[in-house]
Amino acid sequence: MDLRNSCSTSQSLTDRYTASRAAGEAIASRLTAEDQTVQSMADASPTKWHRAHTTWFFETFLLSPYLPRYRAFNKHYGYIFNSYYEAMGPRHPRPARGMLSRPGLAEIAAYRAQVDNAMMELLEKPSAPLADLVELGLQHDQQHQELMLTDIKHAFSVNPLRPNYLPAKMRSIGVAPPVRWLEMKGGIYEIGHSETGFAFDNEHPRHRALLPEFRIASRPVSVGEYMRFIAEDGYQRPEFWLSDGWAAVQIGLWEAPGYWERNGDGWHAYTLHGMRPLHLDEPVCHLSYYEAAAYAVWAGKRLPTEFEWEASAHQYGGIIGWADTVHLHPRPVADGFLQDVWEWTASAYLPYPGYRPLTGAIGEYNGKFMVNQMVLRGRSCVTPPGHNRFSYRNFFAPAARWQFSGFRLVEDV
């Protein structure tokens with residue numbers, strides 16, 4: 001199955017819309033009706049909800065206001081498929097999305113077809129402001145493609161049968177390359193999107209940041225390196241942990257990254273290809289911010305700020321690691337940025353100086369989440385191409401572990 005999702009600027013907006021919508025359907029096509037309805041935790045959503053929610057986005061923000069004579073597919077869908085847009089009215093509780101046995105897959109397919117056909121008509125002559133809104137919708141559609149894969153991974157992982165999403169051949173286990181420490185001079189650096197191409201509002205405005213002299217690791221921390229932290233009782237030693245992190249360890253009974261399970265004397269991990277032994281040369285992932293921060297203390301290093309990460313990525317941008325297509329599991333670590341795991345930073349998710357959210361309901365897309373979250377940079381193995389910007393700011397609560405999240409280290413000079 002081809003999971004690639006082209007975001008080439010040489011394509012027309014119509015072609016890109018068609019490609020994006022097809023990519024989402026390709027992800028769902030390997031899942032049964034039961035798979036697409038299950039919700040394994042409050043942070044995850046059923047696959048069919050993702051498919052309908054992105055459709056609702058195009059219907060609500062593009063078709064209803066801009067295509068004359070368009071009629072909503074179902075007047076009740078605004079309640080069940082709105083995610084968090086308060087300006088659009090009340091909505092079904094997020095933790096109860098898995099209770100929505102109806103509409104079924106056939107009705108959701110019909111909903112997508114009506115909206116997609118109407119979007120083709122709307123895209124025949126898009127104005128510049130309308131094209132910007134379509135672009136936002138496409139980026140949003142692709143974000144949910146990533147979530148469809150991370151959410152079904154969690155659902156499959158709690159199933160005792162440990163089903164795989166897609167079988168894969170086992171590869172030989174290699175050796176992670178040694179870490180190189182890349183020198184960064186202290187000084188003032190430009191941070192934020194450079195005004196060419198698409199960016200979310202939270203990547204603006206571009207501004208200056210004063211950074212100290214530091215050295216940043218040339219790659220993320222590997223599975224083999226993280227296993228040494230576990231072997232030295234890292235999960236039993238509170239001196240490495242933030243207070244909230246230590247509480248999370250105790251409550252969650254954490255003793256290893258998410259999806260790891262003891263198998264005899266060793267560890268296995270659940271993947272979208274099923275259970276398999278750990279590969280020591282892969283980047284460690286499915287870690288919370290707390291685990292990344294604890295490892296950094298244990299290693300005598302620290303996590304980079306998001307500004308240090310971005311400045312380093314630009315300076316050493318010729319070494320970019322992986323950033324081509326979607327893969328269902330992280331590939332081995334290599335020198336560079338934009339590899340196969342999101343990377344936790346030491347930065348809280350806050351607005352940049354002078355930040356202003358977009359007006360109207362669309363303004364709720366990012367700005368209102370700028371509290372109690374930590375920033376991750378880079379991309380993951382299931383991030384669609386086109387989201388590879390060094391300025392991209394992902395964000396999650398510090399205890400989140402179901403995303404493909406890892407980290408790299410920094411040392412002070």
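1. Let's start with the aromatic cluster. Ring pairs join Tyr17, Trp56, Phe57, Phe58, Phe61, Tyr84, Tyr85, Tyr349, Phe369 and Phe395 into a cluster. Rings of Phe, Tyr and Trp (its six-membered ring) pair if their centres lie within 6.5 Å; planes under 30 degrees apart count as stacked, over 60 as edge-to-face and the rest as tilted. Please keep in mind that this is a predicted model, where local features need pLDDT of at least 70 and side-chain atom pairs count only at pLDDT 80 or more, while totals for chains, interfaces and linings use all residues. Residues are numbered from 1 along each chain as its sequence is written, and side-chain values use heavy atoms, with hydrogens and water left out.

2. Across the whole structure, a search finds 39 aromatic pairs. Phe198 and Phe200 are an edge-to-face pair, because their ring centres are 5.0 Å apart and their planes stand at 85°. Phe200 counts as buried at 5% relative accessibility (buried means under 20% relative accessible area, exposed over 50%, partly exposed in between, with a 1.4 Å probe and protein chains only). Trp309 and Phe337 are also edge-to-face, at 5.3 Å centre to centre and 90° between the planes. That pair links distant parts of the chain, 28 residues apart: Trp309 is in helix H10 (residues 306-315), and Phe337 is in the loop between H10 and strand S8 (342-348). Trp309 and Phe337 are both buried. Helices (H or I, at least four residues) and strands (E, at least two) are DSSP runs, numbered from the N terminus.

3. Arg97 lies over the face of Trp49, 3.6 Å from the ring centre, and Arg401 lies over the face of Trp254 at 4.1 Å.

4. Now the salt bridges, each a side-chain nitrogen of Lys or Arg within 4 Å of a carboxyl oxygen of Asp or Glu. The count comes to 27. Arg21 meets Asp116 at 2.8 Å, N to O; this links Arg21 in helix H1 (residues 13-28) with Asp116 in helix H5 (residues 105-122), 95 residues apart. Arg21 also meets Asp141 at 3.3 Å, N to O. Since Asp141 lies in helix H6 (residues 128-157) and Arg21 in H1, this pair ties together parts 120 residues apart in sequence. Arg21 is buried at 3% relative accessibility, Asp116 at 17% and Asp141 at 5%. Elsewhere, Glu183, Arg215, Lys301 and Glu411 are linked in a salt-bridge network.

5. Helix H9 (residues 289-299) is mostly covered, with nine of its eleven residues buried; among them are Tyr289, Tyr295 and Trp298. After H9 comes Gly300, with a positive phi near 75°.

6. Finally, four strands form an open sheet of mixed pairing, in the order S10-S9-S8-S11; two strands pair if DSSP finds at least two bridges between them. Strands S10 (394-396) and S11 (405-406) are at the edges with a single partner strand each, so one side of each has no neighbour in the sheet. S8 and S11 pair in the parallel sense over two bridges, and Trp342 stands opposite Ser405 in S11.

Key
A charge sits over a ring if NZ of Lys or CZ of Arg is within 6 Å of the ring centre and within 35 degrees of the ring normal.
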